[in-house]
Amino acid sequence: LDVSGYYKDVRDLVEEARFKDITSGGEFSTYVNRDYADIRGFRVALVKRQGALTGSVNYQFGVATGKSAAVGNAVPYYARNADGSITTSLDDVPIRDITLDFDRTHNIVITLGYATGQEWGPELFGVLPFADLNLSGRSTLVSGRPYTSPSNLKEVNAARTPWEYNTDLRLTKRIRNFFGVEATL
């Protein structure tokens, strides 16, 4: 059994910034290091590695928040006024942190394997067809990705896509004497 937690405070992420000189009318965009993210969570894993039946169950809970997950999503505007002073507009920067695009709050991974021995199972025509088999499977369940619903554009990344599921199965058979060589199918 393994239980662990994590916290990552990410600062100075790159984001786009727009500048305008009121006197000359010149405008340009550049990149500045000013954005941040806050990533935290925990993980619980249970592993069994010995015996014919092996496997693990891994659950991870994590939350990733910040002002923006993409360079151009929360752009600050800077203007040089006629008197030389600089004004900043943060109208496009969310007041509260939002769930970032890559946030996947729940992750569950289950792996199971069963291996038979060299002399396992019933004999059929002088052969043990179920001997030296290995059956394994891996299933993942992941919570949906955050997105901004078209029905409520002010709530950035407040909606979630459906959960994603995937299962892979593998069956292998070891043949100890396949025309003079060992083979695995």
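A polar contact is taken here as a pair of N or O atoms within 3.5 Å; within protein, one atom must be able to donate a hydrogen and the other to accept it, and residues adjacent in sequence count only if both atoms are side-chain atoms. By this criterion the side chains of R11 and D9 are joined by a polar contact of 3.0 Å. The model is predicted, so that local features need pLDDT of at least 70 and side-chain atom pairs count only at pLDDT 80 or more, while totals for chains, interfaces and linings use all residues. Residues are numbered from 1 along each chain as its sequence is written, and side-chain values use heavy atoms, with hydrogens and water left out.

R11 lies in strand 1, residues 2-21 (strands, E, at least two residues, are DSSP runs numbered from the N terminus). The residue is exposed, with a relative accessible area of 58%; buried denotes under 20% relative accessible area, exposed over 50%, and partly exposed the range in between, for a 1.4 Å probe and protein chains only. Apart from neighbours within four places in sequence, R11 is in contact with D35 and Y36, contact being defined as heavy atoms within 4.5 Å. The C-alpha atoms of R11 and P162 are 31 Å apart, at a sequence separation of 151 residues.

The R11 and D9 side chains also form a salt bridge, at 3.0 Å from N to O, where a salt bridge is a side-chain nitrogen of Lys or Arg within 4 Å of a carboxyl oxygen of Asp or Glu. D9 is partly exposed, at 37% relative accessible area. Side chains of opposite charge can pair when their charged atoms come close. The structure holds 13 salt bridges. Among them, R160 and D103 meet at 2.5 Å, N to O. This pair links distant parts of the chain, with R160 in strand 10 (residues 159-160) and D103 in the loop between strand 6 (98-99) and strand 7, 57 residues apart. R160 is partly exposed at 34%, whereas D103 is buried at 2%.

A further salt bridge joins R176 and D132 at 2.8 Å, N to O. Here too distant parts of the chain are linked: R176 belongs to strand 11 (residues 164-178) and D132 to the loop between strand 7 and strand 8 (133-142), 44 residues apart. R176 is partly exposed at 35% relative accessibility, and D132 is buried at 13%.

In strand 3 (residues 53-66) is found S56, a buried residue with a relative accessible area of 14%. Its side chain makes a polar contact of 2.7 Å with the side chain of T111. Not counting residues up to four places away in sequence, S56 touches L46, V47, V109, I110 and T111.

The largest nonpolar core has five residues, V10, A37, A64, I98 and L100; such a core is a set of buried Ala, Val, Leu, Ile, Met, Phe, Trp, Tyr and Cys residues joined through side-chain atoms within 4.5 Å. Leaving aside neighbours within four places in sequence, V10 is in contact with Y36, A37 and I39.

Technical notes. Helices (H or I, at least four residues) and strands (E, at least two) are DSSP runs, numbered from the N terminus.
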